[in-house]
Structures are given as structure tokens and as C-alpha cells.
Amino acid sequence: VRRPRGSRGFCLAAGASLAGRPGSGIVAAGFRMSASPLFHLEDVSVRFDGTPVLDRFSLAVAPGEKVVLRGRSGSGKSTVLRLLLGFLQPGSGSIRFRGETLVPAIAHAIRRTVAFVHQDIDFEEGTVEEVSERFFTARCWSERPRIEDLGVAWTTLGLAEGIGTKRVADLSGGERQRVALALAFAGGRE
């Protein structure tokens with residue numbers, strides 16, 4: 001466990017790459033791959049009602065890289081994700097997707113390329129398997145993973161054997177988040 005100079009959070013991944021300027025309050029942890037960035041935020045600043053949320057924040061994410069944003073409430077984690085998905089434009093700085101400046105016209109391509117798990121997960125009714133099947137019937141998935149493949153993801157994320165037959169309404173908040181992460185990983189997005 002390392003604490004980057006000037007940050008208020010901790011990086012929990014050994015050998016992780018860190019980004020963010022001192023004072024941003026966000027720690028970004030991930031394992032770097034030797035590839036051109038899929039996303040690159042450079043000196044991005046965002047203000048809401050005059051209050052700075054991000055101040056010259058920088059982050060590069062390579063294809064296939066898994067990144068964790070961690071920080072205190074209100075530090076800008078959700079704002080970073082909204083920027084990456086094209087839902088928000090920065091006040092200053094630049095955001096590039098595959099080397100091209102992020103503009104609203106390519107936001108759809110971004111959303112078809114990456115998997116995103118929001119902190120507030122609202123599943124439909126049914127068992128985990130039923131919800132998973134419905135999740136992958138959406139048009140944005142060219143290939144649907146098999147339930148057996150999802151089972152591997154569930155086990156990897158520490159979900160109990162038989163999780164697929166549990167009703168979503170009976171899951172704890174942590175179990176719901178891990179089911180959502182398994183769906184994101186199983187989708188094979190970049």
C-alpha cells in the first residue's frame with residue numbers, strides 16, 4: 001500500500017500507476033500496459049457553481065487497463081467518469097479518445113467501447129442469472145457471454161457459489177456491485 005505525495009487517499013494495487021495533481025483529492029490506480037492511451041485527460045479542470053472539483057487533473061488509460069478512482073466524497077471521481085463518457089465538458093484542459101479530441105459526436109463510440117459501473121446500481125427484478133441474461137440482450141453487445149463464463153467472473157470477484165440463483169433484491173450492496181463488475185468484465189469491452 002502506497003500513499004502518493006500530496007494525496008488524501010491510498011493506492012491499493014502494488015506496482016500501480018498514479019495520476020492526478022496534488023490537491024485533486026483523487027488517487028487513480030491501475031496497471032499500465034505498453035499501449036497508446038485509449039483515454040487521455042490532460043490538465044483537466046471542472047468547476048460547479050464556481051467551486052473547483054478537478055484542478056489540472058491528468059490521467060492516461062490504456063486499452064485493457066483496469067483503473068480504480070478512489071477519493072473522498074465530492075473529490076471528483078464521478079466527474080472524471082462523466083468526462084470520459086462524454087456527458088460533461090471540462091472548463092479547461094483536453095480529453096482525447098484514441099488520440100482524437102473528445103467531442104460529442106464520438107461519445108456514442110466511447111460508450112460502445114468501454115464498460116462503466118456506476119456506484120448506484122439499479123438492477124431489474126429476478127435472479128442474478130436472469131438479470132445477466134437480460135443485460136446482454138441489449139443491442140450494444142455483439143457477443144453475449146455464457147452464464148458459465150459469468151460464473152468464473154463471479155468466483156474471481158469473491159461471490160459465493162450459487163450466486164446466480166439468488167434474487168437480486170436479496171443481495172447486499174457489495175454483492176450487487178461485484179455482480180455489476182462481473183457483467184462489465186464479461187462484456188469484453190476495452
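Mentor: A salt bridge is counted when a side-chain nitrogen of Lys or Arg lies within 4 Å of a carboxyl oxygen of Asp or Glu. The model is predicted, so local features need pLDDT of at least 70, side-chain atom pairs count only at pLDDT 80 or more, and totals for chains, interfaces and linings use all residues. Residues are numbered from 1 along each chain as its sequence is written, and side-chain values use heavy atoms, with hydrogens and water left out.

Trainee: How many salt bridges does a search of the whole structure find?

Mentor: Side chains of opposite charge can pair when their charged atoms come close. In a search of the whole structure, the number of salt bridges found is two.

Trainee: Which residue forms a salt bridge with Arg96?

Mentor: Arg96 belongs to strand 5, and its partner sits in strand 2, 54 residues apart in the chain. Strands (E, at least two residues) and helices (H or I, at least four) are DSSP runs, numbered from the N terminus. The closest N and O atoms of the pair are 3.4 Å apart, and the partner of Arg96 is Glu42.

Trainee: Is Arg96 buried or partly exposed?

Mentor: Buried means under 20% relative accessible area, exposed means over 50%, and partly exposed is in between (1.4 Å probe, protein chains only). Glu42, at 34%, is partly exposed. Arg96 has a relative accessibility of 22%, which makes it partly exposed.

Trainee: In the salt bridge of Glu175 and Lys166, how far apart are the closest N and O atoms?

Mentor: Lys166 is partly exposed at 31% relative accessible area. Glu175 counts as buried at 14%. Their closest N and O atoms are separated by 3.4 Å.

Trainee: In what order do the four strands of the open sheet run?

Mentor: Two strands pair if DSSP finds at least two bridges between them. The edge strands, each pairing on one side only, are strand 3 (51-61) and strand 6 (100-101). The pairing is antiparallel, and the order is 3-2-5-6.

Trainee: Over how many bridges do strand 2 and strand 3 pair?

Mentor: Strand 2 (residues 39-48) also pairs with strand 5 (residues 92-97), in the antiparallel sense over five bridges. With strand 3, strand 2 pairs in the antiparallel sense, and the number of bridges is seven.

Trainee: Which residue in strand 5 is the bridge partner of Leu41?

Mentor: Strands of a sheet pair through backbone hydrogen bonds, either parallel or antiparallel. For Leu41, the bridge partner in strand 5 is Ile95.

Trainee: What angle does the direction of helix 1 make with that of strand 2?

Mentor: Helix 1 (residues 77-84) packs on the sheet and touches strand 2, strand 3 and strand 5, where contact means heavy atoms within 4.5 Å. Axes are lines fitted to C-alpha atoms, for helices over the stretch in contact, and angles run from 0 to 180 degrees between N-to-C directions. The angle between helix 1 and strand 2 is about 120°.

Trainee: What arc do the buried residues of helix 1 cover around the axis?

Mentor: Lys77, Thr79, Val80, Leu83 and Leu84 are buried in helix 1. They lie on the same side of helix 1 because the arc, taken from the directions from the helix axis to the C-beta atoms, is only 165°.

Trainee: Which residue with a positive phi follows helix 1?

Mentor: The phi in question is near 80°. The residue that follows helix 1 is Gly86.

Trainee: Which residue has a positive phi in the hairpin of strand 2 and strand 3?

Mentor: The hairpin has two residues between the strands.

Trainee: Where is Arg56, which has a positive phi?

Mentor: Arg56 is not a glycine, yet its phi is about 55°. At 45% relative accessible area, Arg56 is partly exposed. Its place is strand 3.

Trainee: How far is the backbone oxygen of Val128 from a polar atom of the side chain of Ser132?

Mentor: Val128, Val131 and Ser132 are the buried residues of helix 3 (residues 128-135). They cover an arc of only 100°, which puts them on the same side of helix 3. Ser132 itself is buried at 1% relative accessible area. The distance from the backbone oxygen of Val128 to the polar side-chain atom of Ser132 is 2.7 Å.

Terms used. Polar contact = N/O pair within 3.5 Å; in protein donor to acceptor, adjacent residues only side chain to side chain.
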